[in-house]
Amino acid sequence: MEHALYQPMGGNVMPRFGGIATMMRLPYIENPAGLDVGFVGVPLDIGTSNRSGTRFGPRQIRTESVLLRPYNMATRAAPFDSLKVADIGDVALNPYSLLDSVRMIEEAYDRIYATGCKTISMGGDHTMTLPILRSIHKQYGKVGLIHVDAHADVNDTMNGEKIAHGTPFRRAFEEGLLDPQRVVQIGLRGTGYHADDFDWCRAQGFRVVQAEECWNKSLAPLMAEVRAQMGDGPVYLTFDIDGLDPAFAPGTGTPEIGGLTVQQGMEIIRGAKGLNIASADIVEVSPPYDQAGTTALVAANLAYEMLCVFPGVKYRA
C-alpha cells in the first residue's frame, strides 16, 4: 500500500499570513524515515567573508514560501502527488566554531541519508555544502555537480583557513567527492585576485560558463548540453543566490553585478529534469540585506522548482 503523501496547507484552510511558517506550510516532521524528500535549514553564517546574516536565511525562506501552491503551472509538475515531502527542521550548529559546525552538519546529514530521504537544503553560507557532499559521498560515491554562483568557491585558503564559504569546492575536489568531468559552474563573474582565477577549475576538468556567456539568451540549450555531460550518474545541485544579479536578489553577502536573471535560474533548474538528482541546496540568503523579502521569495520558489525535477515526480497531462 502506498504511504500517505503530504500536501501544503491551502490558503482556504488557514490564511497565508497565519499559522506556523514551515516550508510551503508542509508538516514539520522530526524523523525523516519514510520521507522521499525533506526540506532542511542550515542556519550558518560564520563562514562568510563579507556581510553575515545568512543564519537567518532558512527562517526567512520559509516565511516567504507560504505563498507557494502545490502545482507547477508552467511544467505541470505535481511533486506532492508523487513524493512524500515534509519540512524536517534545522540542523543545530555551534555558533562559536565553524569547524565544529561543519562536523555537526555532516553528522546530521548522515542520519538523514541513512533513512533514504533526499534533501533540499536552505542556507546558510556556502560552507555548508562541503559537509553535505561528504555525507552524500557515503551514499553515492563521486557525484556530478551543477553549481550556480557568482564565485567559483575554489580558493585554497581564506585568511589562512582551509574551510570557509569560498573554499568548499576546492576541498570537495581534493577529497574525491566530485567527478570532475561532470562538474559545471554557471554564472561566474566579477573581479578577482588573479586574471586566471577560474582557470584552476578548467584545469581540473570542470566546465565553466561565465555570466557573460549567458547574457541576453535562453539557457535551455546550455542545459541540454549539461544533461548530456551529467549522464545517468548521481548529481548534486547547488545554487548560490548570488548567481542571480543583485537587481533580483540583493539579500546576499557578496553581490556581483551582471548576473543571471530569475528566468535563467529557473531554466537551469528546470533543465535538470531527467537527471539522477541526489539532493540539492539553495544558499547564501541574507535577510538583513533583503529589505522587501524578495531574495528569500526567489529562493523559496527556486527550492520548489528543485523539488519539481527530483526523480519520481509525476507531471500532469
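Which residue in β9 is the bridge partner of V235? The partner of V235 is I277. This is a predicted model: local features need pLDDT of at least 70, side-chain atom pairs count only at pLDDT 80 or more, and totals for chains, interfaces and linings use all residues. Residues are numbered from 1 along each chain as its sequence is written, and side-chain values use heavy atoms, with hydrogens and water left out. Helices (H or I, at least four residues) and strands (E, at least two) are DSSP runs, numbered from the N terminus.

**Strand pairing**

- Two strands pair if DSSP finds at least two bridges between them.
- β1 and β4 run parallel and are joined by 6 bridges. Here V37 stands opposite K118 of β4.
- β1 and β3 also run parallel, with 4 bridges. V37 stands opposite V85 in β3.
- β4 runs parallel to β9 (residues 276-283), and 3 bridges join them. S121 has D281 in β9 as its bridge partner.
- β8 and β9 pair in the parallel sense over 7 bridges.
- β5 and β8 pair in the parallel sense as well, over 5 bridges. V148 has F239 in β8 as its bridge partner.

**Buried strands**

- Buried means under 20% relative accessible area, exposed means over 50%, and partly exposed lies in between (1.4 Å probe, protein chains only).
- In a regular strand the side chains alternate between the two faces of the sheet.
- Strand β4 (residues 118-123) has 6 of its 6 residues buried, so it is largely enclosed by the rest of the structure. One side carries K118, I120 and M122, the other T119, S121 and G123, and both faces are covered.
- Strand β8 has 7 of 7 residues buried, so the rest of the structure largely encloses it. P234, Y236, T238 and D240 point one way, while V235, L237 and F239 point the other way.
- Strand β3 (residues 85-90) has 5 of its 6 residues buried, so it too is largely enclosed by the rest of the structure.

**Helix α7**

- Which residues of helix α7 (residues 262-270) are buried? They are V262, Q264, G265, I268 and I269.
- These residues cover an arc of only 160° around the axis, which puts them on the same side of α7. The arc is that of the directions from the helix axis to the C-beta atoms.
- An α-helix has 3.6 residues a turn, so residues three or four places apart point the same way.
- The buried residues of α7 pack against β5 (143-148), β6 (178-188), α6 (220-230), β8 (234-240) and α8 (294-308). Contact here means heavy atoms within 4.5 Å.

**Positive phi angles**

- R76 has a phi near 70°, a positive value in a residue other than glycine. R76 is found in the loop between α1 (57-64) and β2 (77-78). With a relative accessible area of 45%, R76 is partly exposed.
- E284 has a phi near 70°, again positive in a residue other than glycine. E284 lies in the loop between β9 and α8. Is E284 buried or exposed? E284 counts as buried, because its relative accessibility is 2%.
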